[in-house]
Amino acid sequence: VRAQGKEAVLSASTPYGSWYDLFLSAIKRYGLSEILIESSTEIPWGSGLGGSGATGVALVGGLSHYFNWPWKDDKYRIAFEARALETEEMRQSCGWQDQLAAAFGGVNLWTARSDSQKPEREKHISLIPKAKALGRHLLLVQTPKQDNSRSSSEIQRQSRDDISLLEGMVQHALRAYKAVEEMDYTALGEAVGETWEAIKNFTNG
């Protein structure tokens with residue numbers, strides 16, 4: 001595996017506990033051997049910006065096409081396989097949003113219900129005609145602090161205040177989607193700002 005200027009030789013017998021665990025989980029899950037995997041990203045893992053989820057989708061998507069797996073063009077399957085690398089193989093708490101966002105692209109409005117194992121995509125905006133305009137109005141800032149967020153299931157086991165914050169973030173997402181549809185940058189900034197304040201409460205600042 002070559003990734004982010006680092007290199008390592010991994011096998012199914014390699015124990016977890018290194019920087020390469022995401023790649024190792026794919027090796028163990030799919031029984032890979034004698035294959036070179038190269039990866040690069042501008043978004044560091046653990047920054048809270050979906051870097052590991054996007055890398056997992058790229059990894060699974062690339063492998064599925066390389067080996068011509070029957071579900072290679074199934075975006076849902078690729079996203080869920082990428083999530084499984086973290087939840088089933090690495091035994092980490094992980095939501096769906098980062099993998100689904102990476103697999104489908106654009107701006108999407110998803111609905112996830114407790115009685116369903118598959119979030120439903122209700123709406124989609126292709127960013128192709130709007131990407132340049134959005135790029136002129138958005139600034140992505142990386143902070144040095146590592147992400148220490150909790151999954152929704154972990155939050156739901158906590159206080160009612162935490163659940164209230166989570167419900168509020170649902171409304172932020174709905175407003176943000178509408179703002180992107182209307183290219184209302186002020187409303188989009190306000191919704192993102194409110195979400196950021198809620199996230200800081202989840203991560204103790």
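In strand β2, Lys6 is the bridge partner of Ala3. Helices (H or I, at least four residues) and strands (E, at least two) are DSSP runs, numbered from the N terminus. The model is a predicted one, in which local features need pLDDT of at least 70 and side-chain atom pairs count only at pLDDT 80 or more, while totals for chains, interfaces and linings use all residues. Residues are numbered from 1 along each chain as its sequence is written, and side-chain values use heavy atoms, with hydrogens and water left out.

The pairing of β2 with strand β1 (residues 2-3) is antiparallel and runs over 2 bridges; two strands pair if DSSP finds at least two bridges between them. Both belong to an open sheet of 3 strands in the order β2-β1-β3, with mixed pairing. Its edge strands, β2 (6-7) and β3 (38-39), each pair on one side only.

Turning to charged side chains, 7 salt bridges are found in the whole structure, a salt bridge being a side-chain nitrogen of Lys or Arg within 4 Å of a carboxyl oxygen of Asp or Glu. One of them joins Glu7 to Arg2, with the closest N and O atoms 3.5 Å apart. Glu7 is exposed at 58% relative accessibility, whereas Arg2, at 36%, is partly exposed. Here buried means under 20% relative accessible area, exposed over 50%, and partly exposed in between (1.4 Å probe, protein chains only).

A further salt bridge, at 3.0 Å from N to O, brings together Arg29 and Glu88. This pair links distant parts of the chain, 59 residues apart: Arg29 sits in helix α1 (residues 21-30) and Glu88 in helix α3 (residues 75-89). Arg29 is partly exposed at 27%, and Glu88 is partly exposed at 43%.

Within helix α3, Glu81 and Arg77 lie 4 residues apart, about one turn of the helix. Their closest N and O atoms are 3.1 Å apart in a salt bridge. Glu81 is buried, with a relative accessible area of 8%, while Arg77 is partly exposed at 35%. Through shared partners, salt bridges join Arg29, Arg77, Glu81, Glu88 and Glu89 into one network.

Finally, Glu181, Glu182, Asp184 and Glu190 form a negative surface patch. Patches are made of residues with over 30% relative accessible area and no salt bridge, like charges being joined within 9 Å and nonpolar side chains (Val, Leu, Ile, Met, Phe, Trp, Tyr) within 5 Å. Glu181 belongs to helix α7 (residues 160-182) and is partly exposed, with a relative accessible area of 38%.

Notes:
Accessible areas come from the Shrake-Rupley method with a 1.4 Å probe; for residues, only the protein chains shown count as cover. Lys and Arg count as positive and Asp and Glu as negative; His and the chain ends are not counted. The place of a charge is taken as NZ of Lys, CZ of Arg, CG of Asp or CD of Glu.
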